[in-house]
Amino acid sequence: MNPPSANSGIAAEAKPSLFDVRRRPGDFLFAAASFGLALFLLMRLPDQTRWFNRVDLLLQPRFWPSVVLGTFTLFSGLYLIQSWRARKGPEHLDPSMVPIGELLRWVRPLEFALYFVVYAASIPWLGYLLSTVAFMPLLGLRTGIRSLSGLGMLAALGVGIVLAFKTGLEVRMPPGAFYELFSPVVRNFLIRNF
């Protein structure tokens, strides 16, 4: 058996532990927002749920939300304390309270939520088929797909999704106002199948 070399001790010290946490500049802000949300939801619980007499504890409408929100409040509070303590350490990356760059990265995914809202709002006007076939390639363009074959595949995928849900599974969707431009026979066919 070989004796451990001097270099192996240094490598062992530099190796991070399983529970090492790398703090980001917005860590404290996220912890504070989570704890604030947990407290707000916990305070709203009595107004949103009820407690009934002669009903088992596990069947009470307020029981499980109380357990979940209590746990959320406890762990977000512990996370807030841990994050506050880490702010005092020299390893903290940014001493500012509000790291603007990181907040902008947090907001960026809301762009795609906005696309979904616009898509859902367009369905009553354009219909499920036209909205889906139009939005699939548009989202492809937004995510970086530039080839015509890729955009065509996304449009075909949109048609497939509509056929699977509307025609195959008979999911009810509002008919598009666009369908009113067609004759009654074509309009009924489009409403029933697309």
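Trainee: Which element gives the most to the lining of the largest pocket?
Mentor: We are looking at a predicted model, where local features need pLDDT of at least 70 and side-chain atom pairs count only at pLDDT 80 or more, while totals for chains, interfaces and linings use all residues. Residues are numbered from 1 along each chain as its sequence is written, and side-chain values use heavy atoms, with hydrogens and water left out. A pocket is an open set of points on a 1 Å grid over the protein atoms alone, with protein on both sides within 12 Å along at least five of seven lines, and a lining residue has an atom within 4 Å of a point. Among the elements (DSSP runs numbered from the N terminus: helices are H or I with at least four residues, strands E with at least two), the top contributor to this lining, with 3 residues, is α8.

Trainee: Which elements give two or more residues to the lining of the largest pocket?
Mentor: The lining includes Lys-166, Thr-167, Ile-191, Arg-192 and Asn-193. The elements that supply two or more of the lining residues are α7 (148-168) and α8 (184-193).

Trainee: How many of the residues lining the largest pocket are charged?
Mentor: Asp, Glu, Lys and Arg count as charged, Ala, Val, Leu, Ile, Met, Phe, Trp, Tyr, Cys and Pro as nonpolar, and the others, Gly among them, as polar. By that sorting the lining has 3 nonpolar and 2 polar residues, and its charged residues number 4.

Trainee: What is the volume of the second largest pocket?
Mentor: Grid points are joined across faces, edges and corners, and a volume is the space filled by probe spheres set on the points. The largest pocket holds about 190 Å³. For the second largest pocket the value is about 150 Å³.

Trainee: Which element gives the most to the lining of the second largest pocket?
Mentor: Among the lining residues are Phe-112, Tyr-115, Tyr-128 and Phe-135. Two or more lining residues come from each of α5 and α6. The lining splits into 9 nonpolar, 1 polar and no charged residues. With 5 residues, the element that gives the most is α6.

Trainee: What is the volume of the largest cavity?
Mentor: Rolling a probe the size of a water molecule over the atoms shows where empty space is left. A cavity is a set of grid points where a 1.4 Å probe fits but cannot get out, and the search finds 1 cavity of 30 Å³ or more. Its lining includes Tyr-128, Lys-166 and Phe-194, and the space inside is about 40 Å³.

Trainee: How far apart are the closest N and O atoms of Arg-142 and Glu-111?
Mentor: A salt bridge is a side-chain nitrogen of Lys or Arg within 4 Å of a carboxyl oxygen of Asp or Glu, and the whole structure has 3 of them. Arg-142 and Glu-111 form one, with their closest N and O atoms at a separation of 2.5 Å.

Trainee: Is Asp-47 buried or exposed?
Mentor: Asp-47 forms a salt bridge with Arg-44, with 3.0 Å between the closest N and O atoms. Both residues sit in helix α2 (residues 27-48), about one turn apart. Buried means under 20% relative accessible area, exposed over 50% and partly exposed in between (1.4 Å probe, protein chains only). Arg-44 is partly exposed at 33%, whereas Asp-47, at 56%, is exposed.

Trainee: What kind of aromatic pair do Phe-30 and Tyr-79 form?
Mentor: Rings of Phe, Tyr and Trp (its six-membered ring) pair if their centres lie within 6.5 Å; planes under 30 degrees apart are stacked, over 60 edge-to-face and the rest tilted. The structure holds 7 such pairs. The centres of Phe-30 and Tyr-79 are 6.3 Å apart and their planes meet at 70°, so this pair is edge-to-face.
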